[in-house]
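Here are my notes on the model you sent.

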Amino acid sequence: QQLDEQLLARQAAFHREAALAYTELAESVRQSLQEGLAASARAATEGLEPLVQRAMEGMATESARLHQGVAQAVQAQLAGLLPASSNAVPSWWPVCRLHKSAHRTNASGPSSSSNRR
């Protein structure tokens with residue numbers, strides 16, 4: 001019976017030591033994986049940074065080119081519209097006066113007759 005108790009005590013000690021060893025191993029693997037992932041993330045970031053930088057520079061250049069093209073197109077449109085509109089204003093001015101005069105007549109007519117009733 002004493003041998004059984006010694007055997008059981010030795011087995012219990014072995015299991016405690018094995019559990020401690022596995023816990024230390026798991027912690028070591030966790031730390032290695034964490035360091036490896038951090039290093040991989042840094043490497044990926046360093047590798048992607050120049051690509052992103054070039055893409056952003058290209059977008060800025062293209063945006064500036066597009067902005068310049070739109071500004072030139074607007075200027076060309078305005079340059080074409082201003083002479084045309086200055087020629088058109090005198091021809092439309094009498095029509096506007098007639099419309100304004102007719103609007104005054106219509107506006108004062110019904111309101112004055114409704115006030116008389």
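**Notes on the predicted model**

1. Surface patch. Five residues, Leu48, Leu51, Val52, Met56 and Met59, make up a nonpolar patch on the surface, and their accessible area together is about 510 Å². Leu48 belongs to helix α1, which covers residues 2–116.

2. Confidence. This is a predicted model, and the mean pLDDT of the protein chain is 83, with 70% of its residues reaching 70 or more. Residues 112–117 have a pLDDT below 50, and this stretch makes zero contacts in the model beyond near neighbours in sequence. Where pLDDT is low, the predicted coordinates should not be read in detail. Please keep this in mind for residues 112–117, where the pLDDT is below 50.

3. Secondary structure. The protein chain consists of one helix and zero strands by assignment. The helix in question, α1, is given as residues 2–116.

4. Burial and surface. How many of the 117 residues, as a percentage, count as buried? The figure for the protein chain is 0%. The cut-off for buried is under 20% relative accessible area. The protein chain exposes about 10600 Å², and 63% of this is supplied by carbon and sulfur atoms.

5. Salt bridges. The structure contains two salt bridges. One of them pairs Arg30 with Glu27, with 2.4 Å between the closest N and O atoms. The other pair is Arg65 and Glu62, for which the closest N and O atoms are 2.9 Å apart.

6. Arg30 and Glu27. Where do Arg30 and Glu27 sit relative to each other in helix α1? They are separated by about one helical turn, because they are three residues apart in helix α1. Arg30 has 42% relative accessibility and so counts as partly exposed. Glu27, with a relative accessible area of 38%, is partly exposed.

7. Arg65 and Glu62. Both residues lie in helix α1, with a spacing of three residues, or about one turn of the helix. Glu62 is at 43% relative accessibility, so Glu62 counts as partly exposed.

Notes: Residues numbered from 1 in each chain as written. Predicted model: local features only at pLDDT ≥ 70, side-chain atom pairs only at ≥ 80, totals over all residues. Heavy atoms only, no water. Patch = residues over 30% accessible without salt bridge, like charges linked within 9 Å, V, L, I, M, F, W, Y side chains within 5 Å. Areas by Shrake-Rupley, 256 points an atom, 1.4 Å probe, with all protein chains shown as cover. Salt bridge = Lys/Arg side-chain N within 4 Å of Asp/Glu carboxyl O. Helix = DSSP H or I, 4+ residues; strand = E, 2+ residues; numbered from the N terminus. pLDDT = per-residue confidence, 0-100. Contact = heavy atoms within 4.5 Å. Buried < 20%, exposed > 50% of the residue type's maximum accessible area, 1.4 Å probe, protein only.
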